[in-house]
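Here is a brisk report on one chain and its ligand. It covers sheets, ligand surroundings and model confidence.

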Amino acid sequence: MPPMPAVREHVDKMQTRQDKADKPMSAPQKAMRRLGLNSDMELALHLPLRYEDETTLTPIAELRDGDMAQAEGVVRESRVEVRARRQLIARIEDDAGHTLLLRFLNFYPSQQKLLSVGQRVRVRGEVRGGFLGREMVHPECKAVQAGAPLAQALTPVYPTTAGLPQAYLRKAVGRALDKLVLDETLPPQALQIWPGGPRVLADWPLHAALDYLHHPRPEVSLAALQDRSHPAWLRLKAEELLAQQLSQLQARQAQALRRAPTLALGQRGGEAKGLHEQLLAVLPFALTGAQRRVSEEIARDLARPSPMHRLLQGDVGSGKTVVAALAAAVCIDAGYQCVLMAPTEILASQHVKKLVDWLTPLGVRVAWLAGGQKTKERRETLEAIDRAPQEGGAQLIVGTHAVIQDKVRFHKLGLAIVDEQHRFGVAQRLALREKVMEGGDAVEGGAKQPVEPHMLMMSATPIPRTLAMSYYADLDVSTLDELPPGRSPIVTRVISEQRRPELIARIRAQLAEGRQVYWVCPLIEESEAVDLTNATATHAELTAALNDAPHAAPLPPEGASPALGRPGGGGGIQIGLLHSRLPAAEKQAVMAEFVAGRMGLLVSTTVIEVGVDVPNATLMVIEHAERFGLSQLHQLRGRVGRGAQASACVLLYSTGDAPRLGQTARERLKAMAETNDGFEIARRDLEIRGPGEFLGARQSGAALLRFADLATDGELLDWARQTAALMLAQHPVLAERHVARWLGGRVDYLKA
Ligand code: ADP
Ligand code: MG
């Protein structure tokens, strides 16, 4: 136990490592491990949250109400009083004869002992009162000799956790800094091309920068430390970005040396058309220019003997699915299997429907793999996946993350496609990579090197340039920057919850025209159960509102879905409810009704967020829009505007008890109304949320930048990219050392 109540500052949950040591660890050691502080370097990189100034002593007479200050005096009086509650009160007197009262509402015997009459103590805390008597409540106290030296630097206060006192952590960090030898890993040219001039980095070698950040001089500008613009901070950020860029470049170089099947287009001779061409012929539309260009980029990669690792990004509705299908066709035509994985069952089943429609008439065998399948069906599917495509095995496998489970064994996997890849967690992405590796052909043509499948990742959340450069530097990126023709832009309106009745009238009008409507229920953090209650209540409310109120209804116009209910017309409107707790079969049944146009209104939780494609849906209502992230709102909004009809998205906000919507919340919703451009929205979202949440990798603290901030450090990132290329070419040893120092065992996470 520390003598005083420890200053305790919590940090977010951080990654812990497997506990391998057999030797019993002390509680603080365990706590350090929980924080991921397993090495001297990790400790040195554990930077203070803030600093305390113990470098000066203030005479008691000069203490002012509200000051954080340090004073010193001799204890003249110390007693335990029982008033409302038991408390320890001590009075100290400084050399000038002024006194200060110390008050402890909770105290340990050790504190009582420390504050015994005659003892000289140094105390630090917030000053209260003035004329009538100054006091400090729960100050930090330590016994000192008269004339004991003061701290020369500011005292760091570290992020810590239960069971890990600041004093223990300070010592551990101090020892680590003493032990660490950090030779310069940056070559001279790297210092030369630094945007702030060559001296900045040269004057702040890594060790000096770390020392400084742990123990800054009292005269430092705390603002520069706070906003991370101090040269010591720049050094740290630059090194971190460099490590990341180096590891990505290394991964890329290693990849070029690995082998993959060459999946070439149009290998057939004579009259017979390749599957790719046949698919193009049966599609109900012509490809957009962007789809054609991107498909060619992918086909070129597939024909190479090293594995493709490509990200296909395109705004919602840009038509990624067909690009995936064309890539699959190339792969299947070359005699290999292709797997397509989607993050939700609804999305996966929608894909499978589309792909079955397109590809089975061309003779392709498609297998479906998801959660709740029947044992027999599942066994047959697994068996088909494990059989050679040439012998009747599955050629295209579509499913949820069920496709990466242990039991699945691909016979001869040539291409893996991941839809909405940012929705998968880091662990799942790593698992997929492993699965994909073992799915490749062990050896081909007698060569000893394993053959590994190509990978295509798709994302509708466009990744801003800095983020792509930083986290996906080992990926090639293809962008669909054009929407299919004939789309009318979605009009977005932000309206208050109080205008619900107007909104319901509008929904009624849409339904009367034969259009379909989505209503997304509020998201309630951490509680699926509450989400469900909400959705159920909303469903009941809308059912009552839309089916009871009698009014004249026009007949649906030509071309609209015929079977929709007619408000007030007797038949009633079919209103569906969709949420994640529904059994898979029921979810699909509800979705099928909506897709077929028999259901006019679909009330749902965010399960419809990704991928769902119903072109006849023209109105999207998002309740409590202020609770959603921008990219998520954009995804949801992307469910409408998929056909030729004008579509709208209504962001309904609730001000609750507050008279007005908060400033930031309003700005965010305004941004949504202002732009339909997914890239712009992603950029703003990154600013608001930071890359961690943006990448959906909350658990993988290890993979994320800790010091640099991509929203503001773009210039440093450019430097790191240039330097990484230079170092790999000319200073491979330094490069190796730099990556080992910074990333240690965490390199894997950067590949996910
Ligand atoms: P996303 O990129 O969001 O996954 P989808 O692949 O779901 O988009 O495509 C959105 C809609 O656009 C689908 O209905 C799809 O059939 C249609 N589509 C795709 N490409 C074209 C095209 N070139 N011309 C017309 N419609 C297209
Ligand atoms: Mg999609």
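## A helix across a sheet

Helix H20 (residues 630–637) lies across E16, E17, strand E20 (617–622) and strand E21 (647–653). H20 runs at about 150 degrees to E20. Helices (H or I, at least four residues) and strands (E, at least two) are DSSP runs, numbered from the N terminus. Axes are lines fitted to C-alpha atoms, for helices over the stretch in contact, and angles run from 0 to 180 degrees between N-to-C directions. Contact means heavy atoms within 4.5 Å.

This is a predicted model, in which local features need pLDDT of at least 70 and side-chain atom pairs count only at pLDDT 80 or more, while totals for chains, interfaces and linings use all residues. Residues are numbered from 1 along each chain as its sequence is written, chains are lettered from A and ligands numbered from 1 in the order in which they are written, and side-chain values use heavy atoms, with hydrogens and water left out.

## The six-stranded sheet

The order is E16-E21-E20-E17-E19-E18 in an open sheet of six strands, with parallel pairing. Two strands pair if DSSP finds at least two bridges between them. Strand E16 (490–496) and strand E18 (575–578) are the edges, and each pairs on one side only. From one strand to the next, the twist averages 15 degrees.

Strand E17 (residues 516–520) and strand E19 (residues 601–604) run parallel, joined by four bridges. Here Tyr-518 stands opposite Leu-602 in E19.

## The seven-stranded sheet

A further open sheet has seven strands, in the order E11-E12-E10-E13-E14-E9-E15, and its pairing is parallel. Neighbouring strands are turned by 20 degrees against each other on average, direction ignored.

Strand E9 (residues 309–314) runs parallel to E15, with five bridges between them. Arg-310 has Asp-476 in E15 as its bridge partner. Helix H13 (residues 345–359) packs on this sheet and touches strand E10 (337–341), E11 and strand E12 (396–399). The direction of H13 makes about 155 degrees with that of E12.

## A hairpin and its parallel neighbour

Strand E3 (residues 86–93) and strand E4 (residues 99–104) are antiparallel and share six bridges. Ile-89 stands opposite Arg-103 in E4. The two strands form a hairpin with five residues between them. Gly-97 in the turn has a positive phi of about 90 degrees.

E4 also runs parallel to strand E6 (residues 134–137), through four bridges. Leu-100 has Arg-134 in E6 as its bridge partner.

## Around ligand 1

There are 17 residues around ligand 1, and Gly-317, Lys-320, Thr-321, Arg-487 and Asp-613 come nearest. A residue is near a molecule or strand if one of its heavy atoms lies within 4 Å of it.

Lys-320 has one 2.7 Å from a ligand oxygen atom. Gln-291 has one 2.8 Å from a ligand nitrogen atom. For Arg-642, the distance to a ligand oxygen atom is 3.2 Å. The protein covers 88% of the 560 Å² of accessible area (Shrake-Rupley method, 1.4 Å probe) that ligand 1 has on its own.

## Confidence

The chain averages a pLDDT (the predictor's confidence in each residue, from 0 to 100) of 82, and 83% of the residues score at least 70.

Technical notes:
Polar contact = N/O pair within 3.5 Å; in protein donor to acceptor, adjacent residues only side chain to side chain.
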